[in-house]
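Take your time with each task before you look at the solution.

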Amino acid sequence: MSQTAIAQADWGGGASPFGVTWQKMMMWFFIVTDALLFAGLLVSYGVVRIATGDWPTQSEVFSLTYIATMTFVLITSSATMACGVKAAELGRPQTAAKFVWLTILGGFIFLGMQAYEWTVFIGDGGGITGNPWGSPTFSQFFFIITGFHGFHVLTGVIVLLVVAIRAAMGRYSPAGVENAGLYWHFVDLVWVFVFALFYLV
Amino acid sequence: MSSDAHPYRFYWLLWVVLLAVTLLMIAIEGANLPAALAVVVLLFGSAIKATLIIFYYMHLKFEHMGLIMTVLVGLFVTAILMFVLPAYDGSHILESFQSLKEYSG
């Protein structure tokens, strides 16, 4: 096939190169670039932590049970989201909306828990310029990494609210639920690495 | 993947697996393994969780091969960045700082 023919076959209009809608393709591209953003944050955290030499023991600063509960909430909301996408695929808008509302609830619980975690951390003396546990970079990376992730969760909750409210208004599309779901799972995916690298390692 | 009678069962099975891996990772953190080994094991656990989420919750397993490769190559570069750079660069900077301190007395 000549180059022109290939171009016409794939890009002449109406054809989608990966067999998905452009919305879904763009969501995947966005997820890859956003993953690189978090990789950048986590790499710089790794380099600085090793270079600093006096990193605090996380279990002495945070309650691991509390962080594990936050992880539990986020994984559970991911499961309800997956069920919501499945219900939308099966053509059950009401079940899908129910699962999306459950996912939103999970998102709000996670955000509330994170707000409380920040409050306790700041109350214990953790700040941008220093903290009682060791290198100032520890609290700086805490705010930047969990803050960026929390902002992503907040964005996800807003996106899901739009999906749920539109569904209640009867303006519902299974593809919309799926794309919102992809983003929500990505937020969970990032937390897997934040949890392991920032709180456990 | 999931039967018609129980369309959501598979996702809840996956939920149990994800929680089990998370609990295992917390147990490993508390087991006082040598630091380097703990890091490798914890990253392996994260990789398992990430793979399950991407392939099944995000349905990537059932997409066009072109899309799978696009995403996986992107994430592979991410993984290389995350797992290869920090230790080498970080310890190099630490050594430079230490030798600088020794030099300046």
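**Exercise 1.** Work out how many residues of domain 1 of chain B are in contact with domain 2 of chain B.

*Solution.* Keep in mind that this is a predicted model. Start with the bounds: domain 1 of chain B covers 1–62 and domain 2 covers 63–105. Next, count a pair as a contact if the C-beta atoms lie within 7 Å. This gives 4 residues of domain 1 in contact with 4 residues of domain 2. On the domain 1 side, 3 are nonpolar, 1 is polar and none is charged. Finally, the centres of the two domains, taken over C-alpha atoms, are 24 Å apart.

**Exercise 2.** Find which helix of chain A supplies the largest share of the side that touches chain B.

*Solution.* First, look at the whole interface: 39 residues of chain A are in contact with 41 residues of chain B. Then list the helices of chain A that each give at least two residues to this side: helix 2 (22–52), helix 4 (64–89) and helix 7 (174–200). The largest share, 13 residues, comes from helix 2. Sorted by class, this side of chain A has 29 nonpolar, 7 polar and 3 charged residues.

Methods. Residues are numbered from 1 along each chain as its sequence is written. Chains are lettered from A and ligands numbered from 1 in the order in which they are written. This is a predicted model: local features need pLDDT of at least 70, side-chain atom pairs count only at pLDDT 80 or more; totals for chains, interfaces and linings use all residues. Two residues are in contact if their C-beta atoms, placed from the backbone, lie within 7 Å. Helices (H or I, at least four residues) and strands (E, at least two) are DSSP runs, numbered from the N terminus. Ala, Val, Leu, Ile, Met, Phe, Trp, Tyr, Cys and Pro count as nonpolar, Asp, Glu, Lys and Arg as charged, and the others, Gly among them, as polar. Domain bounds come from an automatic or database domain assignment.
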